[in-house]
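The sequence and the model are shown first.

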Amino acid sequence: MHELSVEDLSSETRPTWCGGCGNYPILIAVKKAIAQLGLDPDKVVIVSGIGCGSSFPHWVRTYGFHTIHGRPIPLASALKMANRELTVLVTAGDGDTYGIGANHFLHAMRRNLDITVLVQNNNIYGLTEGQASPTSELGKVTKSTPYGVVEAPLNPLAVALSAGATFVARAFSGNLQHLTEMVKAAIQHRGVALVDVLQPCVTFNPAYSYEFWRNRTYLPGQHDAQDIHAALRLALEEDRRALGVLYQVQKPTLLDMMPLPKEPGNLSRLMESFV
Ligand code: SF4
């Protein structure tokens, strides 16, 4: 198989996102990561939920599943458990992952199934035109919060770390090279990998622009990514956001722990053992 290019991995139709949407760099980063890692597109599945960014599987020439709101993680989990040869990516927004699918997110982080969860975090519900999401900041005026958000925002990285995630990273869609490296590292990690991507929604959350995030993100110089306390300290920073791999350790994956047959074809025997 010849080395794939980003164009090889592009579908015939083009995304319908607003001009300048932070989803475009994420799409390019995923295609670059697949190409640079030399993955066979026939063995890659991208699963999404509902949201602007969730049309993602339509724009990549791999297998894909555009499922229902908040449910891409369970579907991705089932795919990986049914066929461990697959590279399984979830691409879903902050509302989908941290709101409607929060329960699935939490349990995916503790289960350590070998899937990558890429969150298009634009701090707003974009598809439904601008309601507060679980990561919208206190006081933010949106269509659903005309007097300002009164709930403290969720800190997804801190939640993932405390739930037992083995790979937790943050990227910014205004830094394509770094974002691509984070996607590649997440895919290569053996276990569950979260990449929270700070992504501008230029139409319904213009305050969180590329410039806004450029001025509030940084790459930590010295950081021990195996130190969970150091990772939590970075995750809990409020005035600025550290980019990069905050935490990565190796632990047995869910499939390592499950008494499943190692060889394909033994499923019938396994089923029989339950009856
Ligand atoms: Fe992107 Fe926001 Fe437009 Fe949706 S509404 S496509 S998130 S810029």
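## Basis of the report

The structure is a predicted model.

## Nonpolar cores

The largest nonpolar core comprises 35 residues. Those with the most contacts inside this core are Phe105, Met109, Ile115, Val117, Ala160, Val168 and Leu194. Helix α5, which spans residues 156-163, gives the most to the core, with 5 residues. Another core, of 30 residues, lies apart from the largest one; Ala29, Ile34, Leu118 and Met182 are among its members.

When its neighbours within four places in sequence are left aside, Ala160 is in contact with Phe105, Met109, Ala165, Val168 and Leu194.

## Aromatic pairs and charges over rings

A pair of aromatic rings is described by the distance of the centres and the angle of the planes. The structure has 6 aromatic pairs. One of them joins Tyr98 and Phe105 in an edge-to-face arrangement, with 5.1 Å from centre to centre and 70 degrees between the planes. Tyr98 and Phe105 are each buried. Tyr208 and Phe212 form a pair that counts as stacked, because their ring centres are 4.4 Å apart and their planes stand at 10 degrees, which is under the limit of 30 degrees for stacking. Tyr208 and Phe212 are both buried, and together with Trp213 they make up one aromatic cluster.

Charged side chains also sit over aromatic rings. The charged end of Lys140 is placed over the ring of Tyr208, at 5.3 Å from the ring centre. In a further case, the charged end of Arg240 sits over the ring of Tyr218, 3.8 Å from its centre.

## Two asparagines with positive phi

Asn112 has a phi near 60 degrees, a positive value in a residue other than glycine. Its place in the chain is the loop between α4 (102-111) and β4 (116-121). Asn112 counts as buried because its relative accessibility is 4%, against a limit of 20%.

Asn123 is likewise not a glycine, and its phi is positive, at about 60 degrees. Asn123 belongs to the loop between β4 and α5. With a relative accessibility of 4%, Asn123 is therefore classed as buried.

## A buried threonine and an exposed arginine

Thr253 is found in the loop between β9 (244-248) and α9 (254-257). Its relative accessible area is 4%, so Thr253 is buried. Leaving aside neighbours within four places in sequence, Thr253 is in contact with Asn112, Asp114, Arg190 and Gly191.

Arg233 is part of helix α8, which covers residues 228-235. The relative accessible area of Arg233 is 58%, so this residue is exposed, the limit for exposure being over 50%. Arg233 and Pro15 are 218 residues apart along the chain, and their C-alpha atoms are separated by 37 Å.

Technical notes. Residues are numbered from 1 along each chain as its sequence is written. This is a predicted model: local features need pLDDT of at least 70, side-chain atom pairs count only at pLDDT 80 or more; totals for chains, interfaces and linings use all residues. Side-chain values use heavy atoms; hydrogens and water are left out. A nonpolar core is a set of buried Ala, Val, Leu, Ile, Met, Phe, Trp, Tyr and Cys residues joined through side-chain atoms within 4.5 Å. Buried means under 20% relative accessible area, exposed over 50%, partly exposed in between (1.4 Å probe, protein chains only). Helices (H or I, at least four residues) and strands (E, at least two) are DSSP runs, numbered from the N terminus. Contact means heavy atoms within 4.5 Å. Rings of Phe, Tyr and Trp (its six-membered ring) pair if their centres lie within 6.5 Å; planes under 30 degrees apart count as stacked, over 60 as edge-to-face and the rest as tilted. A charge sits over a ring if NZ of Lys or CZ of Arg is within 6 Å of the ring centre and within 35 degrees of the ring normal.
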